[in-house]
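Please prepare a short briefing on the structure shown below. Group the points by topic and keep the wording plain.

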Amino acid sequence: MKKITIVLLMGLFSVSCSQDFLSERPNSNILAPTRIADFQRLLDNFEILGVSSALPHLAADEYYINSESNWLSSRSAIERNSYIWDEDIYGGEVDIKDWNTLYETIFYTNSIIKELDKIKEIEGLQGEGADIYGQALFYRARAYYDLVKNFSAPFDKMTENEDLGVPLRIDPSIDYTEKRASVSECYERIFSDIENSLRYLSHIGPLRERNRATKLAAFAQLSRIYLYRREYDKAEQYADSVLHRYDRLVDYNTLSLEATSPFNFTHDELILYGATGTYNNAGNLNRSGAVFVDTVLIDMYDFNDLRLHIYFINNEGGYTVKRGYNGTGLTPFTGLAIDEVLLNKVECLVRRGQINDAAILMDKLLLNRYRKGTYIKTVFKDKESALQQVLIERRKELVWRCLRWDDIKRLNKEGASIVLKRNLGDKEYILEPNSPRYVFNIPQDEINRSGIVQNER
Amino acid sequence: MRKLRKGESYDRTDRPIFTSNNTYKSPKSACLNRLEDERLKYSKNARTSCLLPRICSKSALIAVLSGLGFREQKNRIAKFLDVVVFNVYKNMDFGHKKGLVQLSGEQCCQEQPTRNILDSLKPTAYGLLLIFVSMFSLSDAWAQSGRTLSGVVRSAAEGQALEGVSIRLDKQQTTTDKNGQFKIWSIEQEGSFEVKHLGYKTQQIAFDALSTVFDIQLEADENYIEEVEVVSTGYQSIPKERATGSFAHVNSEMLNRNPSMNILSRLDGITNGLLLDQNTGNPDRISVRGRSTLFSSTRPLIVVDNFPFEGDISNISPNDIESVTVLKDAAAASIWGVRSGNGVIVITTKKAKDRFRIDFSSNLLVAKKPDLFYAKQMSSSEFIDVEKLLFEQGEYDRDINTIYKNISPVVNLLHQQRLGELSEDEVEAELDKLRENDVRNDLQRYFYRPKFQHQQQISISSGGERVKNVLSLGYDRSQSESITTDNERFNLRNSNQWTPFKDYLQIDLDVWYSRNVSNERNASGYTPMYPYEKLVDDDGNALEASTLSTLRKSYTDTAGRGYLLDWKFRPLEEAYNGLNHYKSNDQQLRYQIGLSSRPYRSFNLQLSYLASNNWMQNATLYDEKSYYTRNTINQFSQIDYNEGIVIRPIPLGSILNEDKTKSWSHYGRAQVNWNEKFGSKHHLTGLLGIEWRQDKQMFDGGGYVYGYDPFLETFAKVDTYSYFPYYHSGLYGMISEGRSRLRRVDNNRSLYALMSYSYAEDLIFTGSIRKDESNIFGVSANKKGVPLWSIGASYNFQSLLNNHYSDYIKLRTSFGYNGNVDKNTTALLTSKLWRSSNIWGRPLDLILNPPNNSLRWERIQNMNIGIDFSLLDGWTGGSIEFFVKNGKDLMGHSPVAPQVGVSQFYGNVASTSTKGVDIQMYFTWLKRNNIDFRTDIIFNGVKDKVTDYYINPGSNTDIVTNSGIVPIVGYPINSLVLYKFMGLDSHGDPTGSVDGNPSTSYSNIINGDDRESIIFLGSKVPTRFGAIRNTISYQKIELSFNITYKFGYYFRNSRSFSSQGLIGGSYKYSDYENRWQNVGDELYTNVPKFVYPRNINREAFYQNSSVLGVKGDHIRLQDVRISYSCNPLRRQPGSKLSFYLYATNIGLIWKHNAIDVDPHFLTGYKRPLELSFGTSFNF
């Protein structure tokens, strides 16, 4: 008996005296991130951080639905309503990924930045820690850019202080809501974050892990943003920052014309991975017989242009799109790639009249796009026609990447007067240049819960 | 708990008994007879003062005799000596004034367990002691004036000493002590005194000059069966009359009334304050006194034999359970600290009896096949018409264009007609054939069977003075109504109690093993996608059918040109051959050691330790012939038609998916109890303890094993890292590996104390305090938690009132705090591994919890006022209690603006208030020799509301369509709020209210915040519920039936017609035929017309509109039981043989709703009538 008592007492004391008894981790899968590697794993969550909005694609003119019944049978109201630029594109649907996932990204990056700020204050950030800090800043900026371009009026230097941007949150606390900041405040935040990130990011890139932000990605992103803002000198400057460091292109002659996934996750042109949320009508390899690539666009391709065969399949009824630069992904590619940067540079060169330099650069790209031996050197006659040619090339190259919508907005601001039309049954829907319908509604659940101002469409 | 059972009594014909008619037999002969009684019962507590003289003389003799080899005669000699000593002492009266030596010599003879004392004391010291004690005794004798009457009070049936029995002689009053002993001072030489005890018949005991020692046997008053009980809190056992808290007690007889295999369903309808309902928010469906938390666990803490039980409650065999106590208020439950907020259910298992006893019980349950036609749905013909309509609208064109996508047989026919492959007449003829089919006919015929269940239990109890033991074995098996499901349970329990050194040491050893094996031979299941699907052809062959994963018939007919495996899904073949066999094996070994010692006075030290090991193993074996396996292999197959080879990344063979969970629990407790009387009226008891608990769990998900051969135990390696194209779609996927591991540790340390003071046994004060600490994240935050405490008081008015109408009236009240802990949240930013790797091979994490520095544990302020009473000689009695529970610092959980970046806000932001009443009463209508008629009534009323909430819900849709709880200040926690329905308009569209007028602007109604557009209907959880049970017995036959009722709640009819759902392919609508079809229909129906395409807002409005809110109120005939019991062995007085017939799921007596739905079975089929036959035998 005594022995049992002693054993028992010893057992009890050994438990009670253990220092770790109350600090043992309750769950092996859950941790309070404190180490640098913990934050990298959060940033590697590309299924949140790598996602951007598909709305610009759904509303743009790169595809069409071939009948009213097929339009009606779309799986969601967003797909239906955004196709005809309806006043309310959500049709009662809530939990809109095109808004929510971006703010989730902002929450992730805010959390990481806040935790790293604590470490920064104490011991400073070097090496991997600094790099992760830079990645978080970059992703926050990228998310804000996606939001502000979709949910605010097309950028206009004149009105940027009055135009409503999006709520700017830089604190991860969840017990407050922000009103909409102005567009200029949003861009201030975006630029300061990216510029800051350039100070911390330690890799030039691209890395094998194409979801991780690098200096290249930051430059390419800046080039894209300035182009959208029609600040062409800066767009060119940052395009140069990329191309001076890395300008490798994929020769499409080396790719299989039959493969439905012509590219892998780590191909040479890819600077940063990115994709949209899932919508049937926007999906790659859409075999529904309802959604086809715009025939006007298809007609632009020369038969010897390999892009026609690598990007598209000629199905019964029309062309549909294969998988793009995000490897085996089924959603439009929205990441950053060298071809886009190169075309930014070409456009900027043309705009400042350097058409010869532009033509050389254009050749560099298109040599890799045409069947071997068939490519005829680009000749730009004048600035005007060169710009038209470059913009067409831009459509042909950057197809199914959500960039067309932003280009239309930008060009219409410059008086391009691009009118979009849809035909369904006997009805025709028209989107006039600079229409307020170029601004998407803010999802209703956001309006309901935070009371921020809705966009007029 | 102790309880007298009807028809059970010891054979005491040769013993003196003061029966209720007050016949009195000589105490002298009583005492002598008693010594000769073979089944002499000894009291455990020796009173040394009067014991010693006897021992001295006896032990000296025995020492000599045993030394001479007469050891085997020891017992007989001891008994002989008892007689001798008795004769010497019987007329010596040790009685004296208050105090010192308390028992008479005669009583010593009766009471002392001579044999043990002899064994434990050394004879050498006896001499000295003898002298001392004799002198002491003599000096006492001198002091005598008047005299002491003393004795012991026992229950007539079990011979157990009764504590707290009130003895009254003229103006004097006393109560019996723990050993049932009493003494009372009498000035008179003769007279009578009253012996009164709750639950027993009151006796007048006459005495004369000769009688001084009494052995009083109290007969149970059967009306009081519920009242004489000892409630267990898991830390202590207290007689209910000494409790200030609120307890609901269910004894073994009531537990056995319902022969269900699960203990919780046995408690349904018989437990005061306990509700079983699907809306209680926990998988066990139970709640105690309503809900006092919003989003934390609502599961009451379940305690089995003093320690929390973390396993699956269905592993406990109800036949092993002696009693269940539900702790409802602060005074009862606060001792369980942060886990007591939802109430505590204390389960006490059967303990060893101190004689040889065998209990055997057997039960057999049968039920008919369920009726699948109970729930109305669209007919096949109606569904086909809709498919035709949608086909014309082009809804299926996208699917048709994708050659491998599944389309329904109807769509396929229509497609063939459009292509010109079939004529319209041919198609119509085929469709007419399909219109005749109803898949439920096949399902009912081939997939269901009558339910069959049996339970067997035997327990063998044996024991004597020092060792008691009970061994019980149980085996239960159930064959469910689904042909592929069965379940088997085995229980082995051994409970052992040693008392080697009397009070100095008691050891309890419990070992418990249980095994629960469940089989589901059709784990993939089958839910028909079309109401007209046919599962068997006319020759009895299994036909192919569709599921979400099947491909189009015309595609699988030819896919792979013979190189692939058969790609068809035939539900009947899968089920009949058990091709998807899920087996779960849950084993638990629990052992418990308890040491109890009383080293000094009444101080009692208890050490207990419990270790529990739980092994759970689940495995699903997909046979190589199963659709799952064939489909998995086919979809990754690649065919080289030129070479004629098939490359299969997943090899042929079965697929096994196995996981194991191992859990360990180590609980230790050290506790000091004391129980002291000061003077005659002050009684102080208390306990102080410390407890450690550790629950560890290791989950090992073995993942998928491919190419598995169950006979050779071999398997193949597959490449789970590369992307392979799917054969049919050309999309890419990886072969799922599914391996995962998880470890959980839950450490707790608690300190607790409890104190109880009573004055004259009538006025009682109690208090308790407890502090808990645990290892949840953010330790600093949870340490801030204030200690939880309670105070309570009770007063028994009976002696004050002193009338004949009441037998017993006790008022009690308590106040204090319970807690509730939410282990899912922490004060820190936490993340968890989400996927093992991203496409670049890196692990990725998910943020789980945003930081929250102000996190605290939830507290529940709990107040209870109750009265316990018994009136008119037990004609009626019961208890009435009022309670108020205020939840403070409750965790709130509400949708936040998406810009926040998380979907929900979670923090200590809410308060709630719950008020209620618990009434339990009985009435004895008739009580004659052979006929008894008694009614038991339970009424529970609970009303809760949110009193404070940090975040106001925004739009109406957040309140209405949210599937969880949306706290709204001033309304019940779990409210049913719906859009105000204003009828259909002339287009057949539902209208809601905008500015009081009917409107179809659904978006405004849904997204607006005009609360005039929504209606609060009521609570989703019953607010008034209870039971009425009538018991009629005639001789050996007893009939009882229980009527239960639930009132004051609403549910939403989820089976009303939805256009959106129908377009999506659902056909389970009860009111499709009533839908609006023509102008004017709006006058007769509220079911909207069918619209295409999907209109989400319209659907969201109608499906959540007030016209679909239904009152759930109903009265149910819960069960009927008829039993017959007798004693076939007259020589074995305790034995009993009984047979019973028990029926449940009988049906509703009354329901409020007009949609003809039993509120318990809103979806699926209604459970058919279940009949149980059983027998139990014990001797």
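Helix α2 (residues 36-43) of chain A is mostly covered in this predicted model. Six of its eight residues are buried, namely Asp38(A), Phe39(A), Gln40(A), Arg41(A), Leu42(A) and Leu43(A). Within chain A, these buried residues pack against β1 (30-31), α3 (46-49), α7 (97-123) and α8 (127-151). They also pack against β35 (830-835) and β36 (844-849) of chain B.

**The contact between the chains**

- Chain A brings 83 residues to the contact, and chain B brings 87 residues.
- The size of an interface is often given as the accessible area lost when the parts come together.
- Between chain A and chain B, the buried area is about 7300 Å².
- Carbon and sulfur atoms give 60% of that buried area.
- Leu22(A), Ile174(A) and Arg449(A) supply 11% of the area that chain A buries against chain B, more than any other three residues.

**Chain A as a whole**

- Chain A contains 18 helices and 13 strands.
- Its radius of gyration is 25 Å, close to the 23 Å that the globule rule gives for 457 residues, so chain A is as compact as a globular protein of that length.
- The C-alpha trace of chain A spans about 100 × 50 × 50 Å along its principal axes.
- Of the 457 residues in chain A, 64% count as buried.
- Among contacts in chain A with a separation of 6 or more, 71% are between residues 24 or more positions apart.
- The accessible surface of chain A is about 17200 Å², and 51% of this surface belongs to carbon and sulfur atoms.
- Chain A carries 58 positive and 67 negative side chains, and the centres of these two sets lie 3 Å apart.

**Chain B as a whole**

- Chain B contains 23 helices and 51 strands.
- Of the 1179 residues in chain B, 55% count as buried.
- Among contacts in chain B with a separation of 6 or more, 71% are between residues 24 or more positions apart.
- The accessible surface of chain B is about 50200 Å², and carbon and sulfur atoms account for 54% of this surface.

**A covered helix in chain B**

- Helix α17 (residues 627-636) of chain B is mostly covered, with nine of its 10 residues buried.
- Among the buried residues of α17(B) are Tyr627(B), Arg630(B), Ile633(B) and Phe636(B).
- Thr629(B), Asn631(B), Thr632(B), Asn634(B) and Gln635(B) are also buried in α17(B).

- Ala161(B) sits in the loop between β1 (147-155) and β2 (166-169) of chain B.
- Ala161(B) has a relative accessible area of 25%, so it is partly exposed.
- Beyond its neighbours within four places in sequence, Ala161(B) is in contact with Val153(B), Arg154(B), Asn179(B) and Gly180(B).
- Lys178(B) is 17 residues from Ala161(B) in sequence, and their C-alpha atoms are 7.7 Å apart in space.
- Val718(B) sits in the loop between β28 (714-716) and β29 (724-725) of chain B.
- Val718(B) counts as partly exposed because its relative accessibility is 21%.
- Beyond its neighbours within four places in sequence, Val718(B) is in contact with Pro649(B), Ile650(B), Pro651(B), Tyr706(B) and Ile735(B).
- Val303(B) is 415 residues from Val718(B) along the chain, and the two C-alpha atoms are separated by 46 Å.
- Ile507(B) belongs to strand β21 (residues 506-520) of chain B.
- The relative accessibility of Ile507(B) is 2%, so this residue counts as buried.
- Gln899(B) is 392 residues from Ile507(B) in sequence, and their C-alpha atoms are 62 Å apart in space.

**Backbone angles to note**

- Most residues other than glycine have a negative phi, and most peptide bonds are trans.
- A cis peptide bond joins Gly205(A) to Pro206(A), with omega about -10 degrees.
- Pro206(A) lies in the loop between α9 (183-200) and α10 (215-228) of chain A.
- Another cis peptide bond joins Tyr1092(B) to Pro1093(B), with omega about 0 degrees.
- Pro1093(B) lies in the loop between α22 (1059-1063) and α23 (1096-1103) of chain B.
- Arg285(B), which is not a glycine, has a positive phi near 65 degrees.
- Arg285(B) lies in the loop between β11 (274-276) and β12 (286-288) of chain B, and it counts as partly exposed at 36% relative accessibility.
- Asp889(B) is not a glycine either, and its phi is positive at about 55 degrees.
- Asp889(B) is placed in strand β38 (residues 876-895) of chain B.

How values were computed:
Residues are numbered from 1 along each chain as its sequence is written. Chains are lettered from A and ligands numbered from 1 in the order in which they are written. This is a predicted model: local features need pLDDT of at least 70, side-chain atom pairs count only at pLDDT 80 or more; totals for chains, interfaces and linings use all residues. Side-chain values use heavy atoms; hydrogens and water are left out. Helices (H or I, at least four residues) and strands (E, at least two) are DSSP runs, numbered from the N terminus. The radius of gyration is taken over C-alpha atoms; the globule rule is 2.2 Å times the number of residues to the power 0.38. Buried means under 20% relative accessible area, exposed over 50%, partly exposed in between (1.4 Å probe, protein chains only). Contact means heavy atoms within 4.5 Å. Accessible areas come from the Shrake-Rupley method with a 1.4 Å probe; for residues, only the protein chains shown count as cover. Lys and Arg count as positive and Asp and Glu as negative; His and the chain ends are not counted. The place of a charge is taken as NZ of Lys, CZ of Arg, CG of Asp or CD of Glu. Buried area is the accessible area (1.4 Å probe) that two parts lose on being put together, summed over both.
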